[in-house]
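Here is a short tour of two spots worth a look on your screen. Have the sequence and the structure open as you read.

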Protein chains: 2
Amino acid sequence: MLDQTDIRIMDELSKNSRITMKELGEKVHLTGQAASTRVAKLEDQGVIEGYTIKVNQEKLGYVVHAIIHIFTKNTNHQPYLSFLKKHDRYILNNYKVSGESCYLLECKLPSNEVLDEFLTNLSHYVGYKLSIVINRIG
Amino acid sequence: MLDQTDIRIMDELSKNSRITMKELGEKVHLTGQAASTRVAKLEDQGVIEGYTIKVNQEKLGYVVHAIIHIFTKNTNHQPYLSFLKKHDRYILNNYKVSGESCYLLECKLPSNEVLDEFLTNLSHYVGYKLSIVINRIG
DNA sequence: TCAACTCCTTTCACATTTCAAGTAAAAACG
DNA sequence: CGTTTTTACTTGAAATGTGAAAGGAGTTGA
């Protein structure tokens with residue numbers, strides 16, 4: 001399905017998705033047009049889901065990075081999910097998981113005060129355990 | 001530091017980072033050149049850290065998405081970190097966290113068999129608790 | 001009022017993308 | 001085994017986008 005050239009294209013685009021097709025072609029020993037055709041195919045196949053940017057959340061004022069283990073109290077999760085939707089500027093990910101907790105919620109927040117308020121509201125809907133990210137490693 | 005136009009630019013680039021500067025300009029009511037200048041400034045400030053792609057990991061054969069809570073057995077974490085480096089094709093994130101566990105390790109793996117082997121090796125270095133991601137919600 | 005600064009626009013030479021046409025090799029088929 | 005089809009690529013030309021320079025409008029401060 002994907003050959004070595006496709007892998008290298010994905011690799012280069014992961015590093016810099018705004019590279020020109022001409023330059024990308026040079027990196028993988030194709031003409032710009034050939035590279036462009038392959039990229040279009042990867043998009044069609046859904047292997048490339050989209051093009052985006054890496055944002056420095058701290059420079060945007062989000063200095064607290066929290067990972068919250070959610071334990072739902074009852075079978076209806078909708079109130080929790082609605083609560084999240086109302087605070088989606090803070091939400092990075094919400095994973096439904098197997099294991100001890102029901103959800104793993106990843107958040108970015110501007111301060112401990114806002115986190116405090118967020119958790120207070122959150123506790124109306126679900127139980128939780130809090131982890132604060134100190135650093136990203138590797 | 002960032003005005004409303006900058007925010008909208010970040011928003012548009014998050015949705016599609018391969019948009020032309022001309023088109024981006026139209027979306028935020030600027031000429032292409034003005035948009036281009038603002039984007040360059042956002043890059044210089046480090047607010048935009050880079051341009052990348054969203055990859056469908058499942059279509060690449062990574063069907064298992066695991067989040068592993070790591071409990072280090074002793075004070076020297078280096079063996080664990082070296083182990084990760086050797087398996088970096090499986091690693092999405094490794095966060096040092098406060099809370100119950102020491103690290104939160106996010107992995108993508110091609111199968112339960114590979115996960116099994118990975119965990120077996122992992123357990124030589126650290127203790128862990130496993131969560132499997134069922135779905136991403138919101 | 002004037003100078004300096006910021007932010008934007010216009011213009012134009014140059015680079016890139018896109019489209020159509022053509023080639024070569026591999027795969028499919030009788 | 002020969003023929004057709006398909007796939008992956010290249011080439012060239014037209015359309016489109018980019019980057020640099022020059023300049024205008026609004027703001028700040030002496």
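## A helix and a strand residue

Helix α1 of chain B, residues 4-15, has twelve residues and spans 17 Å from its first C-alpha to its last, close to the 16 Å expected at 1.5 Å a residue. Please keep in mind that this is a predicted model.

Which residues of α1(B) are buried? They are B:Asp6, B:Ile9, B:Met10, B:Glu12 and B:Leu13. Because these residues cover an arc of only 165° around the axis, they sit on the same side of α1(B). B:Gln4 and B:Lys15, on the other side of α1(B), are exposed.

What do the buried residues of α1(B) pack against? The table lists their partners, which come from both chain A and chain B.

| Partner element | Residues | Chain |
|---|---|---|
| β1 | 48-55 | A |
| α2 | 21-27 | B |
| α3 | 32-45 | B |
| β1 | 48-55 | B |

At the start of α1(B), the backbone nitrogen of B:Thr5 has a side-chain oxygen of B:Asp3 within 3.1 Å.

A:Asn135 belongs to strand β5 of that chain, residues 126-136. A:Asn135 counts as partly exposed because its relative accessibility is 40%, a value between the limits of 20% for buried and 50% for exposed. Setting aside neighbours within four places in sequence, A:Asn135 is in contact with B:Asn94, B:Tyr95 and B:Lys96. Within its own chain, A:Asp88 lies 47 residues away from A:Asn135 in sequence, and their C-alpha atoms are 23 Å apart.

How values were computed. Residues are numbered from 1 along each chain as its sequence is written. Chains are lettered from A and ligands numbered from 1 in the order in which they are written. This is a predicted model: local features need pLDDT of at least 70, side-chain atom pairs count only at pLDDT 80 or more; totals for chains, interfaces and linings use all residues. Side-chain values use heavy atoms; hydrogens and water are left out. Helices (H or I, at least four residues) and strands (E, at least two) are DSSP runs, numbered from the N terminus. Buried means under 20% relative accessible area, exposed over 50%, partly exposed in between (1.4 Å probe, protein chains only). Contact means heavy atoms within 4.5 Å. The expected span of a helix is 1.5 Å times one less than its number of residues. The arc is that of the directions from the helix axis to the C-beta atoms. A polar contact is a pair of N or O atoms within 3.5 Å; within protein, one must be able to donate a hydrogen and the other to accept it, and residues adjacent in sequence count only if both atoms are side-chain atoms.
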